[in-house]
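This briefing covers selected local features of one protein chain. Please look over the sequence and the 3D view before reading on.

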Amino acid sequence: MANKAEESWKTLTPDEKLQRRFQAWLAADGINFVSPDAARDYKARAKRFADAMQLKKPDRVPINPSFGGFAAGYFGYTEREVMYDADKAADVALRGTLEFQTDGKMAAGGAPGRVYDLLDYKLFSWPGHGVGENAGWQFNEGEYMTPDEYDDFIQDPSDYWMTVHLPRIFGVAQPLTQLMPAVYIIEQMHVVANISRYGLPEVQAALEKMMEAGREALAWQQKLAPVNKKLDEMGFPTLQSGQCYAPFDFLGDALRGTRGIITDMYRQPDKLLEALERATPIMIKMGSAGRLGTCPMVSIPLHKGADGFMSDTQFKKFYWPSLLKVIQGLNKEGLMPRLFAEGGYNSRLEVVQKDLPKGKTVWHFDYTDMARAKEVLGDVACLMGNVPGGLIFTGTPQEVDAYCKDLIKVAGKGGGYIMATGVGIGRGAKVENIRAMINAVKKYGVYA
């Protein structure tokens with residue numbers, strides 16, 4: 001039966017796949033709602049998002065802010081506590097969702113600190129590990145792939161990742177540099193020479209440590225999954241089915257580092273372009289992992305394409321073409337990318353507009369001029385975001401109300417807008433301002 005369903009899915013057009021995904025999400029089959037009211041609310045909230053995503057007018061503007069570091073602090077926990085205690089992470093998600101009653105759940109997930117401890121993770125510092133217990137994650141810039149290793153990555157990304165990259169970002173994985181590429185294990189004569197590497201004591205110790213981290217991660221997921229299921233049953237949908245990255249960010253964040261990839265645009269542009277091409281199908285596959293029945297939105301945070309990071313010419317050459325291919329690849333699977341444009345994208349609007357398929361993307365803006373964004377993109381893409389985190393932190397409820405009223409008037413005109421913060425709400429933000437933002441959509445966001 002599964003094979004027949006898979007074959008049937010392959011015969012659908014991209015538009016048919018997207019509609020099938022929306023229908024499955026809105027049907028909410030398999031959710032045992034706690035009450036008829038919860039079922040009604042879930043479907044109303046999901047439809048509100050689905051309509052906005054497809055450039056329609058919902059009953060009102062939906063709202064889905066990022067609560068960031070605010071939530072843990074509001075309920076009396078440090079950032080470190082919710083990384084090392086699943087019960088506290090679950091408590092934040094459950095109480096936060098029920099107290100603030102936005103259209104999406106405050107999902108229980110987070111990052112289990114013990115896993116990163118076991119792996120001796122190098123790529124980031126986290127609360128209580130390199131930064132304060134109430135600080136956010138801090139990326140540790142570095143060249144985790146050297147400039148002469150492009151060919152190694154291009155020729156065999158999985159082997160490069162396992163035997164070169166992981167040993168650099170996981171301290172415990174250093175012995176994996178002794179493994180041979182898995183593709184070398186072809187026939188009987190090759191098995192012993194290559195599989196013997198797994199018998200080395202130091203390799204086995206590394207794998208044992210990674211297995212321990214895996215057990216810890218699984219236990220964390222198993223503890224939080226019932227909370228997310230409960231929130232579904234209480235009427236709160238999740239607005240995401242997966243995540244991937246712009247190929248340029250994938251290479252620039254995790255591998256070459258900011259300085260490295262900037263240098264590569266000048267010193268070895270052809271090799272960079274080849275690597276971007278190699279990374280593109282990997283990102284499409286990563287983003288396509290969500291199952292039927294979940295929201296068809298796939299989150300893509302955009303880190304290095306913002307105004308001022310590179311010239312318009314460089315954006316058109318190095319950043320946008322591979323990202324566009326990721327968007328198109330996800331669209332072919334009936335998925336709708338949410339492009340989280342961190343910083344400002346004012347100089348990029350016309351560039352992306354001419355290539356976007358209508359009604360197939362959501363653009364979540366941080367500091368971008370929303371009037372211009374609506375003018376340029378409003379006919380082809382759902383807009384999201386732009387409530388400043390700084391305003392929530394330092395403003396007054398009256399200022400928040402006025403800002404949101406104007407934002408709804410501009411970005412919400414004709415539908416196709418989801419209210420959200422531009423960034424995560426900071427720890428210690430004024431709760432009255434958060435309530436003012438939520439109340440604003442109910443006062444000003446209703447469509448006639």
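Helices (H or I, at least four residues) and strands (E, at least two) are DSSP runs, numbered from the N terminus. Two strands pair if DSSP finds at least two bridges between them. This is a predicted model, in which local features need pLDDT of at least 70 and side-chain atom pairs count only at pLDDT 80 or more, while totals for chains, interfaces and linings use all residues. Residues are numbered from 1 along each chain as its sequence is written, and side-chain values use heavy atoms, with hydrogens and water left out.

- Strands of a sheet pair through backbone hydrogen bonds, either parallel or antiparallel.
- Here three strands form an open sheet with mixed pairing, in the order 2-1-3.
- Strand 2 and strand 3 each have a single partner strand and stand at the edges, so one side of each has no neighbour in the sheet.
- Strand 1 (residues 124-127) and strand 3 (residues 138-139) run antiparallel and are joined by two bridges; Phe 124 has Phe 139 as its bridge partner in strand 3.
- Strand 1 and strand 2 (residues 130-131) run parallel, also with two bridges; Trp 126 has Gly 130 as its bridge partner in strand 2.

- Helix 16 spans residues 370-377, and its residues Met 370, Ala 373, Lys 374, Val 376 and Leu 377 are buried (under 20% relative accessible area; exposed is over 50% and partly exposed lies in between, with a 1.4 Å probe and protein chains only).
- An α-helix has 3.6 residues a turn, so residues three or four places apart point the same way.
- The cover over the buried residues of helix 16 includes helix 15 (349-353), helix 18 (397-411), strand 7 (362-365), strand 8 (382-385) and strand 9 (417-418).
- Asp 369 caps the N-terminal end of helix 16, with a side-chain oxygen 3.0 Å from the backbone nitrogen of Ala 371.

**Two residues with positive phi**

- Ala 28 has a phi near 55°, a positive value in a residue other than glycine.
- Ala 28 sits in the loop between helix 2 (14-27) and helix 3 (36-53), and it is buried at 7% relative accessible area.
- Asp 120 also has a positive phi near 55° and is not glycine.
- Asp 120 lies in the loop between helix 7 (113-119) and strand 1, and it counts as partly exposed at 30% relative accessibility.

Terms used: Contact = heavy atoms within 4.5 Å. Polar contact = N/O pair within 3.5 Å; in protein donor to acceptor, adjacent residues only side chain to side chain.
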